[in-house]
Amino acid sequence: MATPSSPVNVVTGRHELLYGGDYNPDQWTPDVWREDVALMQQAGVNLVTVGVFSWASIEPEPGRFTWGWLDEVLDLLHEAGVGVDLATPSASAPPWLARLHPETSSVDAAGVRTSVGSRNHFCPSAPAYRDAVVAVARALAERYGDHPAVELWHVGNEFGQECFCDLCAGRFRAWLADRYGDLDGLNEAWGTTFWSQRYADWAEVVPPRVAPYVHNPAQLLDFRRFTSDQLLDLYRIQAAELRRAGGTPVTTNFMGFFPGVDQHSWAGDLDVVSDDHYGDPEHPTPARSALTHDLLRGVGRGRPWLLLEQATSAVSWRAHNVPKTPVQMLQDSLRAVAHGADGVCYFQWRASASGSEQFHSAMLPHAGPDTRLHRAVREQGAVLKRLGAVAGTRVPARVALVFDWPSLWASELPARPSEHLRATAQLEAYHRPFWEDGIPVDVVPPDADLDGYDLVVVPSLQLVGDAAAANVARVPERGGVLLVGPFSAVQDPTTRVRTGAFPAPWTGVLGVAGEEWRPLPPDGVAVRSDAWGEFTAHVWSESVAARDADVLAAYDGAGLAGEPAILRRTVGEGEAWYVSTVPPSDMLGAVVRACARAAGVVAPVLDLPRGVEAAVRGDVVFLLNADDVARDVTVPGGAEDLLGAPVAAGRVELAPGGVAAVRVSPSGR
Ligand code: GAL
């Protein structure tokens, strides 16, 4: 039983998890709304996101607002006990705005202005768009700021669009002038002596529009930063209107590792972080989902977050849209909860009959409530109801995985040594052993407070600033374990290569001196190790000397015979490890587990069977059995299953596809 002082839902302040989806009542008639709220109640739905794409229904003509339908819907939802996440509709302006103000539609890198008839066609700089966005946000806030149904405000949708128009070019110049002071500063930061790119006048500086050959990398990176800041500004002008109406929390829905915005720089403006996550049921990647959830929790500095959108079954935007099984549907939601979500919602409540998403799954399919899918939706509602005590609790991670958006952007720039060394793939590879063992991991930026972590892993951080690099370097010095992957810290924030031996800011702490990056031919290279035997590494190798480190594995081929591949330096009580290649996953797993052991980090479950996923949140160990056979799992100290299965001496039996949420007694561990 939850006690009054125990953690509460990050949005509602109650002992409950949130469950629901996007709700688009303006696509339906009032009799359907009544059926909807009755079915929502039966399914245990307690939060719906309303109005994301309703601008034309709210404001059919400039300045004329039609509230009647929305008044009625919010009242109906409130009477049924369903809370509302009420959205500003800025993601899709009505066609009248583009007719009256063509400059409000965005322009692509080739100079083509986008058209109405889809969504997201806005230019974030256009004054007429910004004015209209503020006006509709203000009108919504004034009308519904006190409405008892509204538990959360939702700004826009999945920010991340780019615009290359002249208005954006003007704001880009102002942004650059602010960052670099003057043109000399810009020329220096962008290294414009290269290819005679030196700018003599601000008017010459433009977004990275279509050009004959590779763009200046610093220009590309700064346009990413600028776009993120522009969109943040667009978020802020709407959030400010909503906040004027009272203390209801404000969010917007991010998209995992999507490169569109630097979520870390946005986080301070969100009262609760939210994400949309659409794994592919045809090729399930639960480990990647878990990593993405850990990322979002990290964006909110460990606070609970919301999974605002996922699919109950098939989406409609892949080439071939395979449905989810009910087991996948439930496990996807519980994985999010286990990794810190205080709510799991879907796109969308009722499947649309018209429009571009008419073949997308929903909580209530076209065929109605008496369907396999809707029964699974109801069953999930019942499961989530039993997990209310989990709301508000934290994930007790002692391991940090370091990641940030500027480094992701750098890793996607053209003209790098290899396109095959990918930041997100590296992150996944280093995260996977922890996921396999059920060990909680936070994904944090390099300037985060790392003191609480016994093990800090930097899988691939191509670009890093001096202060953040020093922050990371302190880990072994204060007795922690640091594990660094290849091609890290090679550039400063302007994309300038840090010259000298690499990784320049960390050669001291790692005890290594790198001199050459050596992407590998397809066969890879043999690596020999006393500890881990012989294996073949692929994609990447480096010529690195051990200055003050033990060589744990050495190359045997590819022109690197005998040179170190994996090194470890002992630093007082701490350790610093460097992996200069991409080992196969079992070998990398062995290295990562050796680091975990050195850091004293242990798995929460004994001998976790293959096919069973474990994750710890608060004092609860979640277990998800993806296999079609029953599995026994022992959780040391496991006292009870919040979902009702018997637990004896920490042992719980999971049915095929079964799930459990085993609470560990404080004395039991
Ligand atoms: C999301 C979007 C929703 C819906 C959904 C379909 O990206 O926010 O509005 O389009 O995809 O999967």
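Gln 348 sits in the loop between strand 9 (341–346) and helix 12 (372–385), and a cis peptide bond joins this residue to Phe 347, with omega at about -5 degrees. Keep in mind as you explore that this is a predicted model. Below, we look at backbone features, then at aromatic rings, and finally at charged side chains.

**Backbone features to look for**

- Most peptide bonds are trans, and most residues other than glycine have a negative phi.
- A cis bond is also found between Phe 502 and Pro 503, where omega is near -10 degrees.
- To find Pro 503, go to the loop between strand 13 (481–484) and helix 16 (507–510).
- Ser 196 is not a glycine, yet its phi is positive, near 60 degrees.
- This serine, Ser 196, belongs to the loop between helix 7 and helix 8.
- Is Ser 196 buried or exposed? Ser 196 is exposed, because its relative accessible area is 68% and the cut-off for exposed is over 50%.
- Asp 607 is another residue other than glycine with a positive phi, here about 45 degrees.
- With a relative accessible area of 76%, Asp 607 is exposed.

**Aromatic rings and a surface patch**

- Phe 194, Trp 195 and Tyr 213 together make a nonpolar surface patch of about 410 Å².
- Trp 195, a member of this patch, is placed in the loop between helix 7 (183–190) and helix 8 (217–244).
- How many aromatic pairs does a search of the whole structure find? The search finds 26 aromatic pairs.
- One of them joins Phe 194 and Trp 195 in a tilted arrangement, with ring centres 4.6 Å apart and 35 degrees between the planes.
- Trp 195 also pairs with Tyr 213, again tilted, at 5.6 Å centre to centre and 40 degrees between the planes.
- Both Trp 195 and Tyr 213 lie in the loop between helix 7 and helix 8, so their pair ties together parts that are 18 residues apart in sequence.
- Phe 194 counts as partly exposed at 49% relative accessibility, while Tyr 213 counts as exposed at 59%.
- Ring pairs also link a cluster made of Phe 164, Phe 172, Trp 175, Trp 190, Tyr 199, Phe 223 and Phe 226.

- Arg 350 lies over the face of Trp 28, at 5.2 Å from the ring centre.
- Arg 297 is part of helix 10 (residues 286–299), and its side chain reaches the backbone oxygen of Val 441 at 2.8 Å.
- Is Arg 297 buried or exposed? Arg 297 is buried, because its relative accessible area is 1% and buried means under 20%.
- Arg 288 is found in helix 10 too, but this arginine counts as partly exposed, at 40% relative accessibility.

**Salt bridges**

- Side chains of opposite charge can pair when their charged atoms come close.
- A search of the whole structure finds 41 salt bridges.
- Among them is the bridge between Glu 428 and Arg 288, at 3.1 Å from N to O.
- That pair links distant parts of the chain, 140 residues apart, with Glu 428 in helix 14 (residues 423–437) and Arg 288 in helix 10.
- Glu 428 is partly exposed, with a relative accessible area of 27%.
- Arg 398 and Asp 454 meet in another salt bridge, at 2.4 Å from N to O.
- Arg 398 lies in the loop between helix 12 and strand 10 (399–402), and Asp 454 in the loop between strand 11 (441–444) and strand 12 (455–458), so this pair ties together parts that are 56 residues apart in sequence.
- Arg 398 is partly exposed at 34% relative accessibility, and Asp 454 is partly exposed at 26%.
- A salt bridge also forms between Arg 593 and Glu 436, at 3.0 Å from N to O.
- Because Arg 593 lies in helix 17 and Glu 436 in helix 14, their pair ties together parts that are 157 residues apart in sequence.
- Arg 593 counts as partly exposed at 26% relative accessibility, and Glu 436 counts as partly exposed at 32%.
- Which residues do salt bridges with shared partners join into one network? The network is made of Lys 324, Asp 332, Arg 335 and Glu 613.

Methods:
Residues are numbered from 1 along each chain as its sequence is written. This is a predicted model: local features need pLDDT of at least 70, side-chain atom pairs count only at pLDDT 80 or more; totals for chains, interfaces and linings use all residues. Side-chain values use heavy atoms; hydrogens and water are left out. Patches are made of residues with over 30% relative accessible area and no salt bridge: like charges are joined within 9 Å, nonpolar side chains (Val, Leu, Ile, Met, Phe, Trp, Tyr) within 5 Å. Accessible areas come from the Shrake-Rupley method with a 1.4 Å probe; for residues, only the protein chains shown count as cover. A salt bridge is a side-chain nitrogen of Lys or Arg within 4 Å of a carboxyl oxygen of Asp or Glu. Helices (H or I, at least four residues) and strands (E, at least two) are DSSP runs, numbered from the N terminus. Buried means under 20% relative accessible area, exposed over 50%, partly exposed in between (1.4 Å probe, protein chains only). Rings of Phe, Tyr and Trp (its six-membered ring) pair if their centres lie within 6.5 Å; planes under 30 degrees apart count as stacked, over 60 as edge-to-face and the rest as tilted. A charge sits over a ring if NZ of Lys or CZ of Arg is within 6 Å of the ring centre and within 35 degrees of the ring normal. A polar contact is a pair of N or O atoms within 3.5 Å; within protein, one must be able to donate a hydrogen and the other to accept it, and residues adjacent in sequence count only if both atoms are side-chain atoms.
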